[in-house]
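Let's take a friendly walk through this structure, one topic at a time. Keep the 3D view open while you read.

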Amino acid sequence: MPIAFTVNGEPKRVEAAETATLLDVLRNHLGLMGTRYGCGLEQCGSCMVLVDGQPTYACTREVGTVAERKITTIEGLGTPAKPHALQQAFLDEQAGQCGYCLSGIVMSAKALLDRNPTPSRGDIVAALDKHLCRCGAHQRILRAVERAAATLRDGGRA
Amino acid sequence: MNARPLPASLVDNPRLDRWIHFQPDRTVRIATGKVEMGQGVVTAIGQIAAEELDLPLDRVVVLSGDTTNGPDELYTTSSLSVEVSGGSVRLVCAEVRAKALERAALRLNCSRDDLSVVDGQFLQNGAATGQDYWTVAGEIDLTQTVTGTASVKPVSSYRVVGHSVPRLDLPAKLSGAAFVHDVLPRDVLHARTLRQPNRGATLASLDEAAIRRAAKGELQIIREANFVAFVSPVESVAQAAAAAAPALATWDNARRLEPAQQEAAWLKGQPSDDRRIGAWPAPARPPKRLVEMTVSRPYIAHASMSPSCALATFRDGHLTVRSHGQGMHPLRKNLAAVLGLPVEAITAQHLHGAGCYGHNGADDAALDAALVAMRIPGRWIRLQWRREEEFGFEPVGPAMLVTLHVDLDERGRPADWTTEIWSPTHVQRPGSGSGYLLASEALANPPSEIAPFDPPEERGGGGTRNAVPLYDVPAHRILHHLVMRPPVRTSALRGLGALPNVFAIESLIDDLAARAGEDPVAYRLSILSEPRARRLVELVAERAGWTARGPSGAGKGLGLAVARYKNRAAYAAVVAAVTVQETVKVDRVWCVADAGLVVNPDGARNQLEGGIVQAVSWTLKEQVKLDAEGIASRDWESYPILRFSEVPDMQVEFVDGAGNPTLGVGECTVGPTAAAIGNAVNHALGVRIHDMPLTRERIMAALLKT
């Protein structure tokens, strides 16, 4: 039975076992490589995507449970030529080193800003605390989320 | 003009066309053997080329880590990339610029001195000529070897170098596919491995039927002696097979470890290769005012965010490998040695991976992928390690035990200083260290074991890195016990021995200040004549408001430390502010660094910050745990690292060092950060903790003793 859901605004139908992970389906069935495998254990946050706007670990989420739901991945935000305010803010702050953790972090930040356009530093820390970054770009990342929040409040592209 | 001594990379790769190539799309391709790991080297090298050629940065394309078209610069290590590769690119570009202007002058029938370059256009006395690099490129013989005689631009005229530019690689990483992990060639086969638990272990049984049942799909099991790989067109099938396999395999000759082996204290008394460096023989007279201190650091992990991954294909007798290893030319040679192929039959190309901070599993995964590719010719193989495999089988940063024996003069200053170090080797990189690509030990004829050795002192040493204090010490010597048989594979991790050695030196200096009844900053300055280090100590103390430092033992502490990485790279002085209750919280870190001419200031600050955060994490939290079978800490719960809620506020800056040559910055903050935390905790508690990590248990034990 194909499973139908929406990814980044486009309807998709995939032939996959219901127990396949969402991460596996995004990468190997749909070719969306921006969602990364880090641990497969919900411990690092590299695989974070949004399911109906909620941050969700794609590495363990069974695809059968996202039927008819709306998935958002980093590819759904913007491109290098036309970045989302969050992506632009991360570039403006040079918030990253190796970058492997960033797409998951940006997705959690997106969920935060969607629900709270004026987060405090503490709100951002709380939203990102489930994410690991090994290069130590944390402070830049926090500043980038604050910058993106300000841009979006000023009417920047969401 | 006299030729200056050439950087090692130019001696090894003297032909200009190994470094530079003018492309038809009016870009210039600059090749480097150093690779991007998130440290921004590709951007910095591009800046240096754009500067020396007087080109806009967007006309420069940097090719990194390519055995076909790029130079062999060994591994990307030791904070040397901008100094050595950047220095090479600068000389090459200066020479090519001079050659291009000579050709243009001939064409225009003018003097070379009438020509200048602005944004890549050649101007004659300020007027456009229609000539540029690309119009004359065909007349420049780039097969010539570099002489190093061309004049480089004066630093005062720089307009690209020394200015912050955004990293070239970040936009892709923030929007989609960007890593070797993300490349899926047509008809790719996914592979995973079953790891030999240790060298010498032999596979006694493997329940392949049960593995196939667990895999639930098309699966090929490749066995070559004690190397096993699971291969499938479906990634989840290969993953499921590999996840099930360890419980379905039995091994003979598997080694058993003892719990005590995970601690640095175990190293003392083990068989070791002992070396004496410095002012030996030690004075015969008995010391008058001997002070001794021992500190330790356990085994620590690189713990990259991505498990190691590589792509390989073998077709028509040629092996192509794509890897996130730190050196593609060394990888090619190492693969050739294991696979019995001529070096020319292998192409190795670098693709990005997660930050590695040293020698992790990246090269090993490349051999794993190549072994599978050789058995299934004509197909691309994508081999990825499992998370538990990355933690369990990457080489780890060595545990170290450092004892200082210091005899003081009548004023309480060090008069005679002996540093005694116990450590396993810091470099088992295949080809340049005492190790092999991991899977080679599982094959039918494993290469013979190499007696461990450390990098030589002239390259900064390994366990002895930063063992020599910056301070004015009349006599200093090192006794280095290179421990021969550690329980785990050890290799390079950011800073090598610098962190434990600087932790030891700077902890002792604080204790000596207390003993002399002096402020730690004033005491340091009284024995520090090195002007660049003095300046940093004074500045960082000012930034941190040192003079308002409160009393000791109040639960809040301020600690300072300083070092020059490798005693020859960048200087960094750090102050840490901590709050200690049951655990240590690092609230704020101030850092002032001197790296001479900084090519990309914001990129370099990012490196200082990253080193600080990583060092906070190592100092407070990290230890690789062992059980009888090997590394037991195989996930992020058993190997926790610093989180967003634990990262300190940071204020980092470079002093203006443009008058001095560029010094590597990637590792300069790790030692001073660890030591500043140690000193701050000592200030907060009124008692010193000598063993890292500074955990709750150690704090409670230290408080009970007071």
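**Chain B at a glance**

In chain B, 56% of the 706 residues count as buried. Keep in mind that this is a predicted model. The chain holds 16 helices and 26 strands. Its radius of gyration is 27 Å, close to the 27 Å that the globule rule gives for 706 residues, so chain B is as compact as a globular protein of that length.

**Overall layout**

- Taken along the principal axes, the C-alpha atoms of chain B fill a box of roughly 80 × 75 × 50 Å.
- Look at contacts in chain B between residues at least 6 apart in sequence: 79% of them join residues at least 24 apart.

**A four-stranded sheet**

- Chain B has an open sheet of 4 strands in the order 21-22-23-26, and the pairing is mixed.
- Strand 21 (556–564) and strand 26 (649–654) of chain B sit at the edges, where each pairs on one side only.
- On average, and ignoring direction, neighbouring strands of this sheet are turned by 15 degrees against each other.
- A bit of background: strands of a sheet pair through backbone hydrogen bonds, either parallel or antiparallel.
- Helix 14 (residues 601–620) of chain B lies across strand 23 (584–594) and strand 26, and it runs at about 135 degrees to strand 26.

**The nonpolar core**

- The largest nonpolar core has 261 residues, and the members that touch the most others are B:Ala369, B:Ala370, B:Val540, B:Val574, B:Cys591 and B:Ala593.
- Which helix gives the most to this core? That's helix 3 (residues 81–108) of chain B, with 11 residues.
- Zoom in on B:Cys591: leaving aside neighbours within four places in sequence, its contacts include B:Val540, B:Val574, B:Leu608 and B:Ile612.

**Where chain B meets chain A**

- Here, 42 residues of chain B are in contact with 41 residues of chain A.
- Helix 5 (170–173), helix 7 (235–244), helix 14 and strand 26 of chain B are the elements that give two or more residues to chain B's side.
- Helix 14 of chain B supplies the largest share of that side, 7 residues.
- What kinds of residues does chain B bring to this side? They divide into 19 nonpolar, 12 polar and 11 charged.

**A helix tucked away in chain A**

- Why is helix 2 (residues 85–92) of chain A largely enclosed by the rest of the structure? Because 6 of its 8 residues are buried.
- Those buried residues are A:Ala85, A:Leu86, A:Gln87, A:Gln88, A:Ala89 and A:Phe90.
- They pack against helix 3 (102–115) and helix 5 (138–153) of chain A.
- After helix 2 of chain A comes A:Gln94, with a positive phi near 50 degrees.

**A proline to find: B:Pro7**

- Look for B:Pro7 in the segment before helix 1 (8–12) of chain B.
- Is B:Pro7 buried or exposed? It has 21 C-beta neighbours inside 10 Å, so B:Pro7 counts as buried.
- Not counting residues up to four places away in sequence, B:Pro7 touches B:Val84, B:Gly87 and B:Ser88.
- B:Ser638 is 631 residues from B:Pro7 along the chain, and their C-alpha atoms are separated by 44 Å.

Key. Residues numbered from 1 in each chain as written. Chains lettered and ligands numbered in written order. Predicted model: local features only at pLDDT ≥ 70, side-chain atom pairs only at ≥ 80, totals over all residues. Pairing = 2+ DSSP bridges. Axes fitted to C-alpha atoms, helices over the stretch in contact; angles between N-to-C directions. Contact = placed C-beta atoms within 7 Å. Core = buried A, V, L, I, M, F, W, Y, C linked by C-beta atoms within 7 Å. Buried ≥ 20, exposed ≤ 12 C-beta atoms within 10 Å, placed from the backbone. Nonpolar A, V, L, I, M, F, W, Y, C, P; charged D, E, K, R; others polar. Rg over C-alpha atoms; globule rule 2.2 N^0.38 Å.
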